[in-house]
Amino acid sequence: MQQGEREKAARIPWDEYWMKIVKDVATRSTCIRRQIGALVVKKNVIISTGYNGAPRGFPHCLEVGCRRDKLKIPSGERHEECLGVHAEQNALLQAGRDAEGATLYENAFPCKICAKLIINAGVKRVVMSGEYSDREGLKYLQQAGVELVHL
């Protein structure tokens, strides 16, 4: 095998490449329970990134503790009791109209709230790794015709 052929064969697929970046984005999370990262990609160009954490100007859960833990709320339930903004929400806010027709990468399943935002943003494809206890968001995405890929 020649030098050029070896380099071409060693390249990872795009989905794996983007998911590696999602893992790094998730390291910025300030959530005590789960570190989630998201990435909006269009035509193999990063449009935006997002990770879960408190709204701007609010103290982070790392500093003040987790409200959901204090209330003993199980994963996937009563999202309104969480102060945090989800990674997908932050990525979609940053992407704005550029999310239309894009792919969203994330290291979890989107919750039902994020699924509705993904649909309305016009995202055409969601690539996920990991899991999440609330699977209803996946049903919403399927119903809307969003392509789902689990790595």
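Predicted model: local features only at pLDDT ≥ 70, side-chain atom pairs only at ≥ 80, totals over all residues.
Five strands build an open sheet, ordered E2-E1-E3-E4-E5, and the pairing is mixed. Strand E2 (45–51) and strand E5 (147–150) sit at the edges, each pairing on one side only. From one strand to the next, the twist averages 15 degrees. As a reminder, strands of a sheet pair through backbone hydrogen bonds, either parallel or antiparallel. Both senses turn up here, as the individual pairs show.

Take E1 and its two neighbours. With E2, strand E1 pairs in the antiparallel sense, over six bridges, and Val40 stands opposite Ser48 in E2 along the way. The two strands form a hairpin with two residues between them, and in this hairpin Lys43 adopts a positive phi near 55 degrees. With E3, strand E1 is again paired in the antiparallel sense, this time over four bridges; here Val41 stands opposite Thr103 in E3. Strand E1 is mostly covered, with five of its six residues buried.

Moving along the sheet, E3 (residues 103–106) and E4 (residues 125–128) run parallel and are joined by four bridges. Within this pair, Tyr105 has Val127 of E4 as its bridge partner. Strand E4 is covered on both faces. Arg125 and Val127 are buried on one side, while Val126 and Met128 are buried on the other.

Just past the end of H5 comes Gly96, whose phi is positive at about 60 degrees.

So how does H5 sit against H6? The axes of the two helices come within 9 Å and cross at roughly 20 degrees. H5 and H6 are therefore roughly parallel to each other, the cut-off for that label being an angle under 35 degrees. Their crossing is left-handed. On the H5 side the contact is made by Glu88, Gln89 and Leu92, which meet Ile113, Cys114, Leu117, Ile118 and Ala121 in H6. Sorted by class, this contact holds six nonpolar residues, one polar and one charged.

The crossing of H6 and H7 is right-handed, whereas that of H5 and H6 is left-handed. From H6, the residues Lys112, Ala115, Lys116, Ile118 and Ile119 meet Glu136, Gly137, Tyr140 and Leu141 in H7. By class, five of the residues in the contact of H6 with H7 are nonpolar, one is polar and three are charged. Ile118 turns up in both contacts of H6, meeting residues of H5 and of H7.

Lys72 is one of them: its phi is positive, near 60 degrees, in a residue other than glycine. Lys72 is found in the loop between helix H4 (67–70) and H5. With a relative accessibility of 72%, Lys72 counts as exposed, since that label applies over 50%.

Arg78 lies in the loop between H4 and H5 too. Although not a glycine, Arg78 has a positive phi of about 50 degrees. What about its surroundings? At 43% relative accessible area, Arg78 is partly exposed. Lys43, back in the hairpin of E1 and E2, belongs in this group as well, given its positive phi near 55 degrees.

Key:
Residues numbered from 1 in each chain as written. Heavy atoms only, no water. Pairing = 2+ DSSP bridges. Axes fitted to C-alpha atoms, helices over the stretch in contact; angles between N-to-C directions. Left-handed = near helix turned anticlockwise from the far one by under 90°. Contact = heavy atoms within 4.5 Å. Nonpolar A, V, L, I, M, F, W, Y, C, P; charged D, E, K, R; others polar. Parallel < 35°, antiparallel > 145°, perpendicular 65-115°, else oblique. Buried < 20%, exposed > 50% of the residue type's maximum accessible area, 1.4 Å probe, protein only.
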